Amino acid sequence: MSATTGHKPVDHAAAAAAFVADTPHLAFHDKRLWELRQKRDGQMHGIPEWQELRDLASAIKEHTLSRLPEYLEQFEAQAQANGVRVHWARDADEHNATVLRILREHNAKTLAKSKSMLTEECEMAPFLERHGITITETDLGERIQQLDGQPPSHIVVPAVHKLRADVARVFARTIGGDPDNSDPNALAEHARMTTRPLMLDADAGMTGANFLVAETGAVVVCTNEGNADLSANLPRVHIVSAGVEKLIPRQADLGVFIRLLSRSALGSPITQYTSHFRGPRDGAEMHIILVDNGRSKRLGQEDFWTSLKCIRCGACMNTCPVYRRSGGLSYGAVYSGPIGAIINPAYDPARYAALPFASTLNGSCTNVCPVRINIHDQLYKWRRLIAEGGFLPRKKVFGLRVMGVVLASPTLYRLATASARMAVRVLPRALLYSRLNAWGRDREVPVAPKESFAAWAARHRPAKK
Amino acid sequence: MTVGLAIPCFIDAFFPEVGIASLELLERLGVDVAYPQGQTCCGQPMANNGCQGAAQGAEAHFVDLFAGFEAVVMPSGSCVHHLRSHFDAIPQTERVRHLRENTYELVEYLHDVLRVDDFPWAEFPHKIGLHNSCGTLRSLRHASMSELGETPFSKPLDLLSKVAGIEFVTPARPDECCGFGGTFSVAEDAVSGRMGLDKVRDHAAAGAEYIVSADTSCLMHQQGCARRAGVPLRFIHIAQILNGARA
Amino acid sequence: MSAREDILAALRTARPPGEHPLPALPTFPGVEGDLLAAFQVSLAVMGGQWVSLPEGEALGAFIRARVGDGPLIRSATDELPDFPRVDAVNRPRDLENVDVAVVRARFGVAETGSVFLSDHELRVNTIAYLAQHLIVLLDPVAILPGIADAYRRLDFAEARYVSLMTGPSATADIEGVMIRGAQGVRSLTVVFAPIG
């Protein structure tokens, strides 16, 4: 998504296999995220109008996306009238340069920031650090990942792939503490005590935006820790980074989205802090950078533009049985899981060709999406584009072509299946379950029957016509 | 009216007993069934990988074999889902459209078309865990989906409840995907294997002796995982139970 | 062309075809009956505490008795003239040593246990995050049924900063273990007290 991303294809299967092999991490990861899915279900059962809310959220977002230039202009006018400085960035480089310019204007050397997937997309942190800015991630999960030199693995719970002992070791290595004391309360307290001074001393603060309200020019940020509020309200400069798709038309629309967001994400009725920034404090400045970075291109894709409705709840990740067993880092991109699999190929189909195939097309993601993105349909469509674009591995294409030929011919089909039955019957176990038999790594192959159904039918139900 | 019986490739090759049970069951219920020889595949494995070109041959052949029937019944949710929702590697003529609109999965044919309300020859005195494949669940709408909080319903359960002696147990994750996913099972075999293992352990922990499904592909995968891990479960297709299998 | 013009032009060119009307927002039957009781339950779910100001008791004395004499208290409300003021500081960060802050919320929301606090109520926004503990005064009759009701109000557009605050600061980022007092306040107590 930025100039520094290479084209080497992400090998999801290999990364996932490594994750599956790590049983303690796998077991926790799967259990924890399934628990979030169940809590989400619990919230849903308590709200009779849940499906209607999803319909409304989807319709509001599709409407807004179909009139995005108009709503952006309205938002900009409102925000400027409120004293907010509005900037526009075509891509990641422009975004990063704008942030640096604002920081330099204020002689700011330290930046406290709350969670923003957009800044990850833009690879802002390495850029600012190269220019002498010190960044503190204030969200605990993001901070753990920052200290460990890893990107976030999940958009809502960034360190969900780590166990408490991992966190203790990361802290001991970076901010001090006993590597063997993995009590979560002690670790969180340690993070609180060490992050707080960094926020107090920060020259500037940065937040993302969950929603931008066109009608009032307000920026809405939802957190559970309160770190966004501290990052924004302590320093004299508050910078908001927001993708253009974050717009919603009316303040009243928040009555739909805020009711859906945290329930879908964590199964809690609302985040501890739902904060609304409309203008700077006296003596302070508020900036917002509206970023395109490929969104306008995605808007023009007939089959995929509705992926821009995403409100970053992560419910698709929580429910996805593949994501829960592979971990977010296996997707090799800022956005992982089902939503990542339909967004990332738009930016770099060569690099992300494997992602739409890291799926059984089971459709659970589509069912939990609060804005009704037809994720599993888009996964299927991406598979076609990737195959047609020549981005599938050559071996796979060859294998499928052979399969296509065999399965189009009754003679070849009979030959192939008879050989398969023979192989299963005759081959010694060591050969049958060799390295070449991917099925056989974790499963037994079926027992070979005496004859095919067609052979039985030829004898017992000879054709009448 | 003669109904064409389409038997998926993996059933023909490795689980002929499922095809036999499906055929015998329909005949018992008075349906005039014909099984045209020379069947291969509906094209799903190639199409699911985006390779429309490779799917063309199989899809065209399927049409040649079945376009003449007023209705086609197939004991496979995933194949029927492919036919209904995709199956567009070939030109969409009137003939193709008619076939796509008149192909039924076996359970939906029994439940919605024949409206069978009794299986007097059937008895299955065992504890069963019912597995709905994701294709039958979320596409063919065999049963309610846990993500949506719908009023619960289940066509396979309706049919199976008419079988004497049968007892149902429910796993902790009633409709999580079992991990087969077609070529996913080999391309992402580690995750697939783990999903299958989790699924069979879940059913076993609920007390199931058998896992029953309308999809042999899922059963084949789960059985493979159970046998490798030593989980003592048995696997059977719904057609076999409804046709009177005792074990 | 400027970035602004380029982006707007690109979005116009990419405009999805077809009709996509903005839906009207229906009113759903929300929390009914005893809104106060519902608010209390919701607040507890989110980790907040609550207590009612006893009839006839003076607010300042009640709070002092609960908190004790040691901790440093600051108040953002004119109802407590005996407490040091939140805005009697030069910089927002000067509130970092406050143990307990007292603020009055404009209204609460029964559906979630949230309270409405804007820059008018807070005087200095950071007080609600830098204090170790937060006491929120709330008139028990100023409780709306649901979040949708809150967003129909003009209060949001009259302030530069609004927090719909629900319970204390929290995180479960370490192995899913729920922790109160992540970066913000460690506890949030709502005191039901009519506006004095």
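The report below describes selected salt bridges and the accessibility of their partners.

This is a predicted model, in which local features need pLDDT of at least 70 and side-chain atom pairs count only at pLDDT 80 or more, while totals for chains, interfaces and linings use all residues. Residues are numbered from 1 along each chain as written, chains are lettered from A and ligands numbered from 1 in the order in which they are written, and side-chain values use heavy atoms, with hydrogens and water left out.

Across all chains, the search finds 63 salt bridges, each being a side-chain nitrogen of Lys or Arg within 4 Å of a carboxyl oxygen of Asp or Glu. One of them crosses between chains, running from E70(A) in helix α4 (residues 68–81) of chain A to R15(C) in the loop between α1 (3–13) and α2 (35–45) of chain C; helices are DSSP runs of H or I with at least four residues, numbered from the N terminus.

| Salt bridge | N to O distance |
|---|---|
| E70(A) and R15(C) | 3.0 Å |
| E94(B) and R97(B) | 3.9 Å |
| E147(B) and R138(B) | 2.8 Å |

Salt bridges with shared partners also join D30(A), R324(A), R325(A), R173(B), E176(B), R194(B) and D198(B) into one network.

Accessibility is classed as buried under 20% relative accessible area, exposed over 50% and partly exposed in between (1.4 Å probe, protein chains only). E147(B) is buried at 0%, and R138(B) is buried at 12%. E70(A) is partly exposed at 27%, as is R15(C) at 29%. E94(B) is exposed at 56%, whereas R97(B) is partly exposed at 38%; these two residues, E94(B) and R97(B), are 3 residues apart in helix α6 (residues 94–101) of chain B, and so are separated by about one helical turn.
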